[in-house]
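Hi there,

Here is the structure I promised to pass on to you. Have a look at it, and then read my notes below.

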Amino acid sequence: MPLPRITNKRQFVQGLLIAAALLLPFASISGNPFLRMDIDKMTLFLAGMPLRIDQFYLLLLVILLFVVSFLLVTAVLGRVWCGWLCPQTVFNDLAELLGRTSRKQVSPAVARVSEHFFALVVASLGAFNLFCWFMSPRQAASNLLHFSDHQAMFYTFLLLTLLGYLNLILVKRSFCHSYCPYGRFQTALMDAGTLNLTFLEESRDRCLRCNACIKTCPMGIDIRTGFQVECIGCGRCIDACRGVMERRPDGFGLIDYRFGTVKGTGFRMGNTTIALLTATLVLTGALVWGVVNRSETAFAVQRVATADSRTLPDGSVAFPWRAIIGNRSEKSRVYSLRIAGEPSGRVELLGQTRDITIAANQHRDVIFMIHIPRNSTPPAKILLELVSDGRPTATVSVSP
Ligand code: SF4
Ligand code: SF4
């Protein structure tokens with residue numbers, strides 16, 4: 001009886017991953033990109049929500065959450081990440097699949113040329129896709145087409161494509177075997193319940209010693225000798241063994257995935273997994289809290305370093321200042337600047353301090369003057385207030 005194959009499932013998951021990588025840069029929510037680190041706007045869009053680079057604590061939480069959840073996946077799934085989901089594996093599998101399909105239909109010479117062609121196509125698609133996480137796909141395509149105006153980007157694209165091509169043609173899986181630092185690091189995350197690929201010791205006497213599992217292994221491993229750190233958990237040996245054993249009466253594969261190393265052990269969490277899961281939940285909670293409670297306005301004020309104070313004809317003095325105002329909300333807003341508290345009659349603001357219109361998720365610099373009347377001593381501190389819809393939205397204390 002035919003036994004189920006792992007390869008179909010792996011290819012299905014990889015297909016979903018490729019579709020997500022290609023399509024997500026086009027997705028948007030309420031006019032915002034679904035997921036993008038927009039370099040122009042210095043803004044990370046997370047599920048359509050803009051997080052400006054000046055909201056550093058939120059960006060830090062996002063990065064930490066990404067790293068910790070990545071480690072958690074490794075603690076639970078082991079090197080299955082490497083064999084199923086890592087871009088190096090996905091690109092290699094895709095190029096191999098295209099090459100294998102073409103080999104069946106054309107002569108060996110044409111197949112060799114098409115292998116290089118497919119490697120080039122996959123590498124250039126990968127390079128283009130990389131840009132699409134930092135700018136819109138339309139802008140990325142336009143910049144590359146008008147390469148004389150965007151030479152740095154164009155040469156980066158060529159370099160990435162070349163590196164990707166050489167990787168697919170020359171390096172291939174030797175990267176996972178010999179160079180990938182994360183592969184080595186993963187062993188430190190292995191837990192008592194981590195998913196492993198195991199030769200079923202209890203069935204060793206049924207092994208036919210056909211070596212089909214070794215011949216198919218992209219890492220050149222004999223899994224029958226026990227756990228090896230080089231194994232990327234791709235499952236090819238499972239399929240090879242099932243292919244051999246299913247022809248026998250009462251046949252079943254002798255290699256399989258197993259949580260932990262003890263027979264009959266289901267999924268269970270070891271200390272590393274519990275610690276990483278706790279960290280992931282805490283960071284997720286902190287991120288949600290930070291996003292819900294984040295300020296919708298950014299407000300900073302600084303002296304204009306390149307301009308001196310000006311003495312006006314009536315003897316009063318005006319000091320030039322710059323206000324940096326960020327509208328982090330989803331709609332355009334009109335702001336004004338004023339001095340907080342009771343008007344003292346001594347100090348006032350000059351310049352554009354009213355009707356400062358800022359579009360959604362945009363920043364604007366506004367130059368204004370702090371005016372000190374003649375023969376007045378400037379106060380040690382002034383509290384500047386940013387007002388929107390008649391309500392103060394932020395304050396900054398300055399020393400004129
Ligand atoms: S031993 Fe099996 S799962 Fe591990 S890399 Fe080789 S074929 Fe893949
Ligand atoms: S494919 Fe199966 S039967 Fe053949 S050598 Fe490997 S473990 Fe033994």
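The protein chain has 12 helices and 16 strands (DSSP runs, H or I of at least four residues for helices and E of at least two for strands, numbered from the N terminus). Its radius of gyration, taken over C-alpha atoms, is 30 Å, well over the 21 Å that the globule rule (2.2 Å times the number of residues to the power 0.38) gives for 400 residues, so the chain is more spread out than a compact globule. Along the principal axes, the C-alpha atoms fill a box of roughly 105 × 50 × 35 Å.

A word on the source: this is a predicted model, where local features need pLDDT of at least 70 and side-chain atom pairs count only at pLDDT 80 or more, while totals for chains, interfaces and linings use all residues. Residues are numbered from 1 along each chain as its sequence is written, and chains are lettered from A and ligands numbered from 1 in the order in which they are written.

Now to ligand 2. It is surrounded by 13 residues (C-beta atom, placed from the backbone, within 6 Å of it), and the closest are C207, C210, A212, C213 and C241. Two or more residues each come from α10 (212–216) and α11 (236–245), with α11 giving the largest share, three residues.

Finally, there is an open, antiparallel sheet of three strands in the order β3-β4-β5 (strands pair if DSSP finds at least two bridges between them). Its edge strands are β3 (35–38) and β5 (49–52). Four bridges join β3 to β4 (residues 43–46), and D38 has T43 in β4 as its bridge partner.

Enjoy exploring!
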